[in-house]
Amino acid sequence: MTETTLSLDPQSLLESLCGTDNLLIIQDLDGVCMNLVRDPLTRTLEHRYILAARDLDGHFQVLTNGEHIGSRGVNGLVERTVGTPQRCREQGLYLPGLAAGGVQLQDRYGQVSHPGVSATELAFLAAVPQRLSESLGQLLSQPPYGLDQPTIDRLLASSVLDNPLSPTLNLNAFHHHWHDRPALYAGLQADAAALVQSLLGDAAREGLQQSFFIHYAPNLGRDAEGRERMRPANAGNAGTTDLQFMLRGAVKEAGVLVILNRFYQLRTGDCPLGEDFNVRQAPTDLDALLQLARERFDPQHMPRLVGVGDTLTSSPLEGENGAVTWLRGGSDRGFLTLVQELGKAFGQDNRVLYIDSSRGEVQRPGVDARHLRERPADPWPALKGITDGEDPLRPNSVFSGGPAQYIEFFCALAKARGNR
């Protein structure tokens, strides 16, 4: 049965998905199956979740802007939870799917590849963390910040993320450090954005002017030139906290088509988009992605898709005449919207699941579950900052209990499908 209103009760969804043979879950990671934290090195994954993901083999893929590998990669979390890398490989316990926005591919045995990425691009990315540490460290030692070296070293250790394919400045430690001085944090956010932006100039001087872009999380959508808008900090909101230096084409919505292409290959032996298709070959426009799917994917084998994410933003911008324009963004918006629209195009009852990640250590807008229960016909005040009444993206289910509630659901689904 199709749910026509936003649901807080996942039981009917569980029953529906349990009975779906041709099912594919595409899921974000941070804020979905683990709480958001200020320091990514403190993240943890539950053992039962890892086992459930393995039990859903063939029906589950991750799609994250984080990475599988590296000192802050999710593989390290899996290995610490399970015990050893050898056990993870032997039992196929790594999380399969796309990372770094879609340019890092992994199977459940930990085999990683980077389709469409050149050695020159990899070399430039490898040098980015050191460049960021040096330039940000120098900035922090000067007014108006004037921090001492031990404090600078501590903050940089938590903030400069040496991801191999998506080096990142994570500003959560600074937001916490200056929790009583929001103006200073806001200034640091702007200065940090300028530092990351300058890397694009460095890349251009090395002949890589078409290789990279900056991803802001959360963000306020894209401007007329297609660049993401940073969400400025204010007294009540940390705004954009992650500034990721990423490869062009590494956007999650393109990753959906890569995942589907591989899904078709496993089911039919044929790759509708070609064996070497990767996100860097995909269209950048959502409508063009949808059209490509219509043209190339056989409806007979199209799976019922479930998209799961936690990062959506919606902010009103009032014009001079009082008209309101909504700035909508969030790193999960594109892929969740494509999941929704693929359902319409292929006649599938696709579902969009929103996980409330506001209970973690990172400041995010939260869901007012009480309002949703008491006034289901008017849900938008309960989702302020996340979505709005004019938003074309319509989540079907909200997990107001956050990752803990979603993990319960995920494990129950894996068990129920295994018992069929």
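**Thr313 and its setting**

Guide: The chain contains 13 helices and 16 strands; these are DSSP runs, numbered from the N terminus, with helices (H or I) of at least four residues and strands (E) of at least two. The model is predicted, so local features need pLDDT of at least 70 and side-chain atom pairs count only at pLDDT 80 or more, while totals for chains, interfaces and linings use all residues. Residues are numbered from 1 along each chain as its sequence is written, and side-chain values use heavy atoms, with hydrogens and water left out.

Thr313 belongs to strand E13 (residues 313-318). With a relative accessibility of 2%, Thr313 counts as buried; the term means under 20% relative accessible area, with exposed over 50% and partly exposed in between (1.4 Å probe, protein chains only). The side chain of Thr313 comes to 2.6 Å from the backbone oxygen of Asn219. Such a polar contact is a pair of N or O atoms within 3.5 Å; within protein, one must be able to donate a hydrogen and the other to accept it, and residues adjacent in sequence count only if both atoms are side-chain atoms.

Leaving aside residues up to four places away in sequence, Thr313 touches Pro218, Asn219, Leu220, Arg231, Leu327, Arg328, Gly329, Gly330, Arg333, Gly385 and Ile386; contact here means heavy atoms within 4.5 Å. Across the chain, 71% of the contacts with a separation of 6 or more are between residues 24 or more positions apart.

One of the residues touched by Thr313 is Pro218, and the peptide bond between Ala217 and Pro218 is cis, with omega about -15°. Pro218 is placed in the loop between strand E8 (212-217) and strand E9 (219-222). A cis bond also runs from Pro143 to Pro144, with omega near 5°, and Pro144 sits in the loop between helix H5 (119-140) and helix H6 (149-159). Ala100 is not a glycine, yet has a positive phi of about 55°. Ala100 occupies the loop between strand E3 (97-99) and strand E4 (104-106) and is buried, at 1% relative accessible area.

The chain has 12 aromatic pairs, where rings of Phe, Tyr and Trp (its six-membered ring) pair if their centres lie within 6.5 Å, planes under 30 degrees apart being stacked, over 60 edge-to-face and the rest tilted. Phe60 and Phe410 make an edge-to-face pair, at 5.2 Å centre to centre and 65° between the planes. That pair joins distant parts of the chain, with Phe60 in strand E2 (residues 60-63) and Phe410 in helix H13 (residues 402-418), 350 residues apart. Phe60 is buried at 2%, and Phe410 is buried at 1%. Ring pairs link Tyr49, Phe60, Phe399, Tyr406, Phe409 and Phe410 into a cluster.

As for the chain overall, 55% of its 420 residues count as buried. The C-alpha atoms fill a box of roughly 65 × 50 × 40 Å along the principal axes.
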